[in-house]
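Dear colleague,

Please find below the structure I promised to hand over; my notes on it follow directly after.

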Amino acid sequence: AHHPHPPTHTTLPSPTDRGMGRTPFPVVSTVAVTAAVVAAAAVLHLAGPRAPAARALTRGIGRPHAATRRLPASGALCLSQARTGWATGRPGLERRREGGRLTASASQEAMETKEETRRRLKEMGYDPKLLEAAAGSRWDPTFQRWVKDDRTEYADIIITPKAGSPYIIWPAIFQVLVQKGLKSIPTKEVQTLIDGNRATVVDVRMKDQFEKGHVSGAINVPMFRDSTGTSVWDNLKRVVNAALLTRSTERDPDFPAKVEQAVKGKGKPIVLYCGMGGSLETKIQSNKEMYKKDGFDDVDKSFGRESRSLKACFELLNAGFTNVKHMKGGFSTWKYEKRPTE
């Protein structure tokens, strides 16, 4: 069958080209693209995985290895109890079981890991109870999504990539936002608040994105900043991102303090937004009679849709802000509805 996009013809360099050190452009571009793709794969796998590498202890009966994974980025321990065996993120621990239960040494290691995690959470400025908030969630590597699993209990929820700053897995953040009753309000309500000068709207995207267009009257306090690390992995990540025309960023630890300074207090009413908005909704609404009232569960949205603005709301609530709201749909919805922009 005729291919709609036939591959570009690549020619090998002639003896003359080799002697003069010149290589036909198609070969150079192919090699460059291939190198960039390989490097990107290495960095994404080793330096900054989006998938979790958290330490999970899953209890109950289930398929072996169903709830475990280990990414090299953090070297995290994953224990998964199943009827037929154990799977772990560290060699040798898969044999440490007795009658479907953790051995004494594995139990002790899990307890020590939990205590270390709580200590690190406190150092990072988070409530140590975040560790328990992630229970009941599991990363599904096949469909690249978080799913509910009541058997799961975490020993570590902090992801520490080789490049960039540590961060918390999404289900723990989601549970905190739900428990604190964060409200996601529609764009129409946000515009009413702006017109009445009753809230400060904060755009948490990067400065260059803000300058290309933003909600009229909004201020810009980016949640992320350009990467500051100087390690080999940080530099490699910058090179790869530059080749892919993206930028290397990391969470700004001073974000809450910058917002407090910008709005002049932690009690001021604030509405946060980013590009896409994200969502805490876990159900799909339907016109079918049986689903009209409550909708039905969506397995792809077991923990909503994570986004920069929702994570930013979490950071502010964790820092003691008391009047924080989130704009549904983000700036993309605001533009689609043709609301005022600058």
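Asp-156 is buried, with a relative accessible area of 3% (buried means under 20%, exposed over 50%, partly exposed in between, with a 1.4 Å probe and protein chains only), and Asp-156 sits in strand S8, residues 152–156. The model is a predicted one, in which local features need pLDDT of at least 70 and side-chain atom pairs count only at pLDDT 80 or more, while totals for chains, interfaces and linings use all residues. Residues are numbered from 1 along each chain as its sequence is written, and side-chain values use heavy atoms, with hydrogens and water left out.

The side chain of Asp-156 makes a polar contact of 3.4 Å with that of Thr-117 (a pair of N or O atoms within 3.5 Å; within protein, one must be able to donate a hydrogen and the other to accept it, and residues adjacent in sequence count only if both atoms are side-chain atoms). A polar atom of the Asp-156 side chain also lies 3.0 Å from the backbone nitrogen of Ile-158.

As for cysteines, the structure holds zero disulfides, a disulfide being a pair of cysteine sulfur atoms within 2.5 Å. Cys-274 is in no disulfide, and the nearest cysteine sulfur, that of Cys-313, is 9.0 Å away, which is too far for a bond. Cys-274 is buried at a relative accessible area of 3%, and Cys-313 likewise counts as buried, at 0%.

Best regards

How values were computed: Helices (H or I, at least four residues) and strands (E, at least two) are DSSP runs, numbered from the N terminus.
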